[in-house]
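Visitor: I would like to learn how to read helices and pockets in a model like this one. Could we go through them one feature at a time?

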Amino acid sequence: MTALLTYLQFHALFVVPVVVGLVLTTPYRLASRRTVLTATALLAGLALVYTTPWDNYLIGRGVWWYGEGTVLVRGFRAPLGEYLFFLLQPFLVGLWLARFRVDTTPSLRTPVRVRAVGFLAAALVGISGIALLDRSSGLYLGSLLAWSAPILAIQWAFGWQFLRREWRTVAVGTLVPTVYLWLIDSVALALNIWSLSDRYTTGLELPGLGLPIEEAVFFLLTSLFVVQGIVLYVWVVDRWS
């Protein structure tokens, strides 16, 4: 089915204006502008490198596809708009997060047994994902959880106690952009900019939005990665300085 917008037009309407608005209005309370933008740029680069193979694999398997006329340029199997999103989302989330504060006075020293708790929690996420891969309907959600586990393991093993201490900033920093991304993703699905396979998804939906649970979990996890990454980066930089 022909979509009403191309992928790039979708960005131009729903993503780029928000990022530009945040660039112009963000008060850098979390840390200096330089620190926040450096952390965000590093995470954007990592997101592009880490997400590209997983994303292209699922496109190749037919987990999702794009509406007729929505894709002008592709790199491997993914459209240009997909790669742009990997770069834009960290800035959308990171610039929103920058308006909040964290207390960076706690020491970086953490007992190994405490780090092990964070690692094991992430391992459970990965094991849950691998278990879902036993059936075709679990391919998207299972691969998503398995893909997210190494990132969670690094972040939680390093600083889950600090993240818990700053839970308000982490929660608000994550949930507000996540809800916005849920809303615009629902619009994109309704406009057939992209579509999901019934075969490779669970059929579960986010109550109230009708958004497939896989998409909801994806935006929640990726926003969480950015928030946790920037908060931990700010903590380390502040303690080292």
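This is a predicted model: local features need pLDDT of at least 70, side-chain atom pairs count only at pLDDT 80 or more; totals for chains, interfaces and linings use all residues.

Visitor: How many residues does helix 7 have, and what span does it reach from its first C-alpha to its last?

Guide: A helix can be checked by setting its span beside the expected one. Helix 7, with 24 residues, reaches 34 Å between its first and last C-alpha, which is close to the 34 Å expected at 1.5 Å a residue.

Visitor: Which pocket lining does helix 7 contribute to?

Guide: Helix 7 (167-190) and strand 6 (211-212) each give at least two residues to the lining of the second largest pocket, a pocket that holds about 220 Å³ of space. Its lining comprises 14 residues, of which Leu-196, Asp-198, Glu-205, Gly-210 and Pro-212 are the closest to the centre; by class, the lining has six nonpolar, five polar and three charged residues.

Visitor: What is the volume of the largest pocket, and which residues are the closest to its centre?

Guide: The largest pocket has a volume of about 620 Å³, and among the 25 residues lining it, Leu-43, Leu-46, Ile-151, Gln-155 and Phe-225 are the closest to its centre. Two or more lining residues come from each of helix 3 (33-61), helix 4 (80-97), helix 6 (139-165) and helix 8 (213-240).

Visitor: How do the residues of that lining of the largest pocket divide by class?

Guide: The lining of the largest pocket divides into 20 nonpolar and five polar residues, with no charged residue.

Notes: Residues are numbered from 1 along each chain as its sequence is written. Side-chain values use heavy atoms; hydrogens and water are left out. On a 1 Å grid over the protein atoms alone, a cavity is a set of points where a 1.4 Å probe fits but cannot get out, and a pocket is an open set with protein on both sides within 12 Å along at least five of seven lines; lining residues have an atom within 4 Å of a point. Grid points are joined across faces, edges and corners, and a volume is the space filled by probe spheres set on the points. Helices (H or I, at least four residues) and strands (E, at least two) are DSSP runs, numbered from the N terminus. Ala, Val, Leu, Ile, Met, Phe, Trp, Tyr, Cys and Pro count as nonpolar, Asp, Glu, Lys and Arg as charged, and the others, Gly among them, as polar. The expected span of a helix is 1.5 Å times one less than its number of residues.
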